[in-house]
Amino acid sequence: MKPIKLILLIFFAGVLYANAQTMLFDQEYYFIAKGEVKLLKQVQDSVYISDCDDFQKCNEIPRFSYKVLTDSVIDKNTKTYILKGKRYNHKNREAEEKQVIITKIKNNRIKLQEVYRKAGKRKLETSILYATSELVPLKPISEITQTEVEDIFAKMVAYMNYLKTTEIKREKYMSWEKINDLVIEKGYSPVGAEEELGKKSDKF
């Protein structure tokens with residue numbers, strides 16, 4: 001085989017491999033809730049989850065890693081994936097297969113639902129993931145003013161009261177998502193918001 005043909009063959013094989021990969025994430029995403037920050041990213045056919053001290057300041061060794069096995073389409077914004085835990089030098093307590101449902105929502109965010117069974121019933125654990133592209137332009141939360149904090153608190157109280165008057169099923173992630181939304185609307189990063197809001201108002 002001539003060298004040029006061999007190069008072309010290698011090139012097209014690489015293209016086909018890349019196209020065949022199942023993609024959960026098109027960029028790096030962050031879980032931000034309960035005072036925790038975690039980075040989720042995909043490299044080829046694997047997803048890695050790392051603990052972070054701050055935005056873009058994460059541990060080099062991931063806490064968990066998963067191989068993406070299959071995906072299937074639910075609708076134009078939602079897919080379900082099967083992941084399998086991987087073991088490297090770091091510990092991974094999740095070595096079994098798991099199902100996750102990913103839905104694209106506003107501002108490139110992802111609603112991630114992990115499927116599990118409890119007492120024989122199918123349950124969903126929901127998290128909101130924030131795209132790096134949304135977080136980069138935001139100001140540090142340390143710059144938020146006390147007036148802005150008080151406004152966020154008032155809007156949060158109104159939201160919680162609204163939930164009490166509706167039949168919407170209140171889930172754990174909803175209050176954290178709302179706080180993050182209110183902080184982002186002010187132009188600030190939600191990373192570290194819990195601590196900073198508490199510093200500037202004893203109402204949080």
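1. Helices and strands are taken here as DSSP runs, with at least four residues (H or I) for a helix and at least two (E) for a strand, numbered from the N terminus. On that basis the chain of this predicted model has five helices and nine strands. Read from the N terminus, the order is α-β-β-β-β-β-β-β-β-β-α-α-α-α.

2. Where contacts join residues at least 6 apart in sequence, 45% of them are between residues at least 24 apart.

3. The structure holds 15 salt bridges, and a few of them deserve a look one by one. Lys-38 and Asp-51 meet through their side chains, with 2.7 Å from N to O. Because Lys-38 belongs to strand β2 (residues 36–43) and Asp-51 to strand β3 (residues 46–54), this pair ties together parts that are 13 residues apart in sequence. The two partners fall into separate accessibility classes under a 20% limit for burial: Lys-38 counts as buried at 16% relative accessibility, while Asp-51, with a relative accessible area of 24%, is partly exposed.

4. Which residue forms a salt bridge with Asp-151? The partner is Lys-186, and the closest N and O atoms of the pair are 2.5 Å apart. Lys-186 sits in the loop between α4 (172–185) and α5 (193–200), whereas Asp-151 is part of helix α3 (residues 146–164), so the bridge ties together parts that are 35 residues apart in sequence. Lys-186 is partly exposed at 25% relative accessibility, and Asp-151 counts as partly exposed at 27%.

5. Asp-71 and Lys-79 form a further salt bridge, in which the closest N and O atoms are 3.4 Å apart. Asp-71 is partly exposed at 33% relative accessibility, and Lys-79 is partly exposed with a relative accessible area of 30%. Beyond such pairs, salt bridges also link Lys-106, Arg-109, Glu-134 and Asp-181 in a network.

6. The largest pocket has a volume of about 1,100 Å³. It is lined by 38 residues, and those closest to its centre are Phe-31, Glu-114, Glu-125, Thr-126 and Ser-127. Two or more lining residues come from each of β1 (29–33), β2, β3, β5 (64–75), β7 (97–104), β8 (110–118), β9 (121–131) and α4. Strand β9 gives the most to this lining, with eight residues. Sorted by class, the lining of the largest pocket consists of 20 nonpolar, three polar and 15 charged residues.

7. The second largest pocket has a volume of about 420 Å³. Its lining is made up of 27 residues, with Asp-54, Ile-141, Ser-189, Val-191 and Gly-192 closest to the centre. The elements that give two or more residues to this lining are β1, β2, β3, α4 and α5. By class, the lining of the second largest pocket has 14 nonpolar, five polar and eight charged residues.

8. Is helix α4 mostly covered or mostly uncovered? It is mostly covered, since 10 of its 14 residues are buried under the 20% limit. The buried residues of α4 include Tyr-173, Met-174, Glu-177, Ile-179, Leu-182, Val-183 and Ile-184. Asp-181, a member of the salt-bridge network, is also buried in α4. The cover over the buried residues of this helix includes β1, β8, β9, α2 (132–135), α3 and α5.

9. Gly-187, which follows α4, has a positive phi near 95°. Asn-107 is not a glycine, yet its phi is positive, near 55°, and Asn-108, likewise not a glycine, has a positive phi of about 65°. Asn-107 lies in the loop between β7 and β8, and Asn-108 lies in the loop between β7 and β8 as well. Asn-107 is partly exposed with a relative accessible area of 47%, and Asn-108 counts as partly exposed at 40% relative accessibility.

How values were computed: Residues are numbered from 1 along each chain as its sequence is written. This is a predicted model: local features need pLDDT of at least 70, side-chain atom pairs count only at pLDDT 80 or more; totals for chains, interfaces and linings use all residues. Side-chain values use heavy atoms; hydrogens and water are left out. Contact means heavy atoms within 4.5 Å. A salt bridge is a side-chain nitrogen of Lys or Arg within 4 Å of a carboxyl oxygen of Asp or Glu. Buried means under 20% relative accessible area, exposed over 50%, partly exposed in between (1.4 Å probe, protein chains only). On a 1 Å grid over the protein atoms alone, a cavity is a set of points where a 1.4 Å probe fits but cannot get out, and a pocket is an open set with protein on both sides within 12 Å along at least five of seven lines; lining residues have an atom within 4 Å of a point. Grid points are joined across faces, edges and corners, and a volume is the space filled by probe spheres set on the points. Ala, Val, Leu, Ile, Met, Phe, Trp, Tyr, Cys and Pro count as nonpolar, Asp, Glu, Lys and Arg as charged, and the others, Gly among them, as polar.
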